[in-house]
Amino acid sequence: MNKLITTLLVDDEPGSLATLEQLIQMYCPSLKVIGKAMNPIEATALIEELQPQLVFLDIEMPYGNAFDMLDKIKDISFEVVFVTAYNNYALKAFRYAAADYLLKPLNIDELVDAVNRIAGRIGSQDVNSRIGALLDNLNDKSDKFRKIILPINDGFLVEDVEQIMYLNAEGSYTTIHLASNKKVMVSKLLKEFEDILPESDFCRIHHSTIININYVKKFYKGRGGEVELANGEVMLISTRKKSDFLNRFKH
């Protein structure tokens, strides 16, 4: 019989704590709630004392937010599900870092999906890197995020966004081509990357291709045209995407 995942709940609202605990008891039988805290100070003490495997962490709390708390923990050995009532609260940063988050009011299906994803990661050694990438992006004062998490079969890679030269759709997978000539295939649709990568740097030139325009070396005229990247590869631009591509270079 598999051991239950020891879980700590952190939220400054008693009603939210009670609701989350009730939903876990009803729909997440793999979890065992071993403690509850209402602010980062209590949470940090309980994490040290109880050593939970999973923490549901409300973002905005008295005496500091969730990110401040995590930034002060030297070695994060537990998985985290962020909980927030603000649907614009750095959600793109979470997606870049492949971090799990839930919006209030909690959706049962989203809760169960998050728990199922995390169950396979419990005990992995990569949580520090993932949380580190998230905090790194959140601390960046610019509109761009510097790090992106790329899930792979045996874990994930942390890569610099600026190192992505282009992305190719391959069915339900996307192959990411880096400036180092390394290729990374991930189980995500190209549209998911189109939604989060900065529009100032990335342009979809074909239904199956997104390029980083900083690596464009030459444009060849034609019905749609072709673009040559810094590595010498030449790619077709669809007729529908041509005007958008050319507009990027007007200034």
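Q: Is D100 buried or exposed?
A: This is a predicted model. In it, D100 has a relative accessibility of 4%. D100 counts as buried because the cut-off for that class is under 20%.

Q: With which residue does D100 meet in a salt bridge?
A: The partner is R121, and the N to O distance is 2.7 Å. D100 lies in strand β5, whereas R121 sits in the loop between α5 and α6, so the pair ties together parts that are 21 residues apart in sequence.

Q: Which residues do salt bridges with shared partners join into one network?
A: That network consists of E79, D100, R117 and R121.

Q: How many salt bridges does a search of the whole structure find?
A: The search finds 13. One of them is formed by K104 and D11, whose closest N and O atoms are 2.8 Å apart. K104 belongs to the loop between β5 and α5, and D11 to the loop between β1 and α1, so this pair ties together parts 93 residues apart in sequence.

Q: Let us step back. How many helices and strands does the protein chain have?
A: There are 8 helices and 15 strands. The C-alpha trace spans about 65 × 40 × 30 Å along its principal axes. Of the 251 residues, 44% are buried.

Q: And what is the accessible surface of the protein chain?
A: The figure is about 13700 Å², and carbon and sulfur atoms account for 48% of that surface.

Q: Which residues make the nonpolar surface patch?
A: M26, Y27 and I108 make a patch of about 270 Å². I108 belongs to helix α5, residues 108–119. With a relative accessible area of 31%, I108 is partly exposed.

Q: What does L17 contact, neighbours in sequence aside?
A: Leaving out neighbours within four places in sequence, L17 is in contact with L9, V10, D11, K36, A37 and M38. L17 itself lies in helix α1 (residues 14–27) and counts as buried at 7% relative accessibility.

Q: New topic: in what order do the 5 strands of the open sheet come?
A: The order is β10-β9-β8-β12-β11, and the pairing is antiparallel. Neighbouring strands are turned by 20 degrees against each other on average, direction ignored.

Q: Over how many bridges do β8 and β12 pair?
A: Strand β8 (residues 164–170) and strand β12 (residues 209–212) pair over 3 bridges, in the antiparallel sense. N168 has T209 in β12 as its bridge partner.

Q: Which helix lies across β11 and β12?
A: Helix α8 (residues 239–247) does, and it runs at about 155 degrees to β11.

Q: Last one: is H177 buried or exposed?
A: H177 is buried, with 10% relative accessibility. H177 is part of strand β9 (residues 173–178). Apart from neighbours within four places in sequence, the contacts of H177 are Q163, I164, M165, Y166, N168, K182 and K183.

Definitions and conventions: Residues numbered from 1 in each chain as written. Predicted model: local features only at pLDDT ≥ 70, side-chain atom pairs only at ≥ 80, totals over all residues. Heavy atoms only, no water. Patch = residues over 30% accessible without salt bridge, like charges linked within 9 Å, V, L, I, M, F, W, Y side chains within 5 Å. Areas by Shrake-Rupley, 256 points an atom, 1.4 Å probe, with all protein chains shown as cover. Salt bridge = Lys/Arg side-chain N within 4 Å of Asp/Glu carboxyl O. Helix = DSSP H or I, 4+ residues; strand = E, 2+ residues; numbered from the N terminus. Buried < 20%, exposed > 50% of the residue type's maximum accessible area, 1.4 Å probe, protein only. Pairing = 2+ DSSP bridges. Axes fitted to C-alpha atoms, helices over the stretch in contact; angles between N-to-C directions. Contact = heavy atoms within 4.5 Å.
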